[in-house]
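The exercises below are meant to be worked through with the sequence and the coordinates open side by side. Please try each task before reading its solution.

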Amino acid sequence: MRLEYFQMIDRIASFSDAEERIEARSTVPDASPVFEGHFPGHPLMPGVLLTETMAQASGYLILGLIRFTHMPFLAGVEKAKFRSFVGPGAPLEIVATRAHQGSGYAVTRATIASDGKAICNAELMFKLMPFPDGLSAQMRAQAAEIGLVQEIA
Amino acid sequence: MASTFETVADIIAETSDIPREQITPDSHAIDDLGVDSLAFLDIAFAIDKAFGIKLPLETWTQEVNEGKVPAEQYFVLKNLAARIDELVAAKG
């Protein structure tokens, strides 16, 4: 995880077309400027970044399921709950499943746990749009780096 | 059992925070009710779930943008309700 670069997913642990499900792993970094403000002397992973982590896992799930034909852009967050705190060094297990595939949009349900303990969950909506110029190759490269392409293949 | 229009009107009122009494069969979702494209995704998701269908939003948008079909055919609520009834009938 590199919070300042919005690189929230370290690796894809599993991807299933049949179950429309992805599992990812990340580790909260030991140090980050984010923790200097959130909060001074009491570093905690911000809820917005946990939401972004669920969104990125969901995004990779959708990209895998639709084989990179469109780019999923976050369009809505519903029923977000933050159940426990996580701080530097915490291992995160992120799971996302596709709840609905609409025409031009998709809905996922995502959870994050740490050492088996529930951290947060949400329902996320994505608008599926044509890739902006050059982004398709970048997303494929990022997906390959974290192991998604191998999982799809 | 609620009519298709009533179900759609309830969905729009709830998802877009529009007073239910402002929503009539002749309301245009975009021009009269001010529903934007992102809000319409919430409405489409609720309609898909409520009726067990998949509103073909991409096809509709393309047809409207290409001038093949006037937007009223899809976005005036009595017409939207008719399109939903057709989709429900088509799925058997």
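**Exercise 1.** At what angle do helix 1 of chain B and helix 5 of chain B pack, and how many Å apart are their axes?

*Solution.* The model is a predicted one, in which local features need pLDDT of at least 70 and side-chain atom pairs count only at pLDDT 80 or more, whereas totals for chains, interfaces and linings use all residues. Residues are numbered from 1 along each chain as its sequence is written, and chains are lettered from A and ligands numbered from 1 in the order in which they are written.

Begin with the elements: helices (H or I, at least four residues) and strands (E, at least two) are DSSP runs, numbered from the N terminus. Axes are lines fitted to C-alpha atoms, for helices over the stretch in contact, and angles run from 0 to 180 degrees between N-to-C directions. On this basis, helix 1 (residues 4-16) of chain B packs against helix 5 (residues 77-90) of chain B at about 115°, the axes being 9 Å apart.

Next, list the residues that meet, two residues being in contact if their C-beta atoms, placed from the backbone, lie within 7 Å. Helix 1 of chain B contributes Thr4(B), Phe5(B), Val8(B) and Ala9(B), while helix 5 of chain B contributes Leu77(B), Lys78(B), Leu80(B), Ala81(B), Ile84(B) and Asp85(B). Sorted by class, the residues of this contact are seven nonpolar, one polar and two charged, where Ala, Val, Leu, Ile, Met, Phe, Trp, Tyr, Cys and Pro count as nonpolar, Asp, Glu, Lys and Arg as charged, and the others, Gly among them, as polar.

**Exercise 2.** Describe how helix 1 of chain B packs with helix 2 of chain B.

*Solution.* The angle between helix 1 of chain B and helix 2 (residues 37-51) of chain B is about 140°, and their axes are 10 Å apart. The two helices are therefore oblique to each other, given that angles under 35 degrees count as roughly parallel, over 145 as roughly antiparallel, 65 to 115 as roughly perpendicular and the rest as oblique. From helix 1 of chain B, the contact includes Ile11(B) and Ile12(B), and from helix 2 of chain B it includes Ile43(B) and Ile47(B). By class, this contact has eight nonpolar, three polar and one charged residues.

**Exercise 3.** In what order do the strands of the sheet in chain A lie, and which helix packs on the sheet?

*Solution.* The open sheet of chain A has six strands in the order 1-2-4-5-6-3, with antiparallel pairing; two strands pair if DSSP finds at least two bridges between them. Strand 1 (11-16) and strand 3 of chain A are at the edges with a single partner strand each, so one side of each has no neighbour in the sheet. Neighbouring strands are turned by 20° against each other on average, direction ignored. Helix 2 (residues 47-65) of chain A packs on this sheet, and its direction makes about 55° with that of strand 4 of chain A.

**Exercise 4.** Which strands of chain A each supply at least two residues of the side that touches chain B?

*Solution.* Contact between the chains involves 10 residues of chain A and 11 residues of chain B. Strand 3 (71-82), strand 5 (105-114) and strand 6 (117-129) of chain A each supply at least two residues of the side that touches chain B. That side of chain A has four nonpolar, five polar and one charged residues.

**Exercise 5.** Where in chain A do Phe39(A) and Arg67(A) lie?

*Solution.* Phe39(A) is in the loop between helix 1 (34-37) and helix 2 of chain A, and a cis peptide bond with omega of about -5° joins His38(A) to Phe39(A). Arg67(A) is in the loop between helix 2 and strand 3 of chain A, and has a positive phi of about 55° although it is not a glycine.
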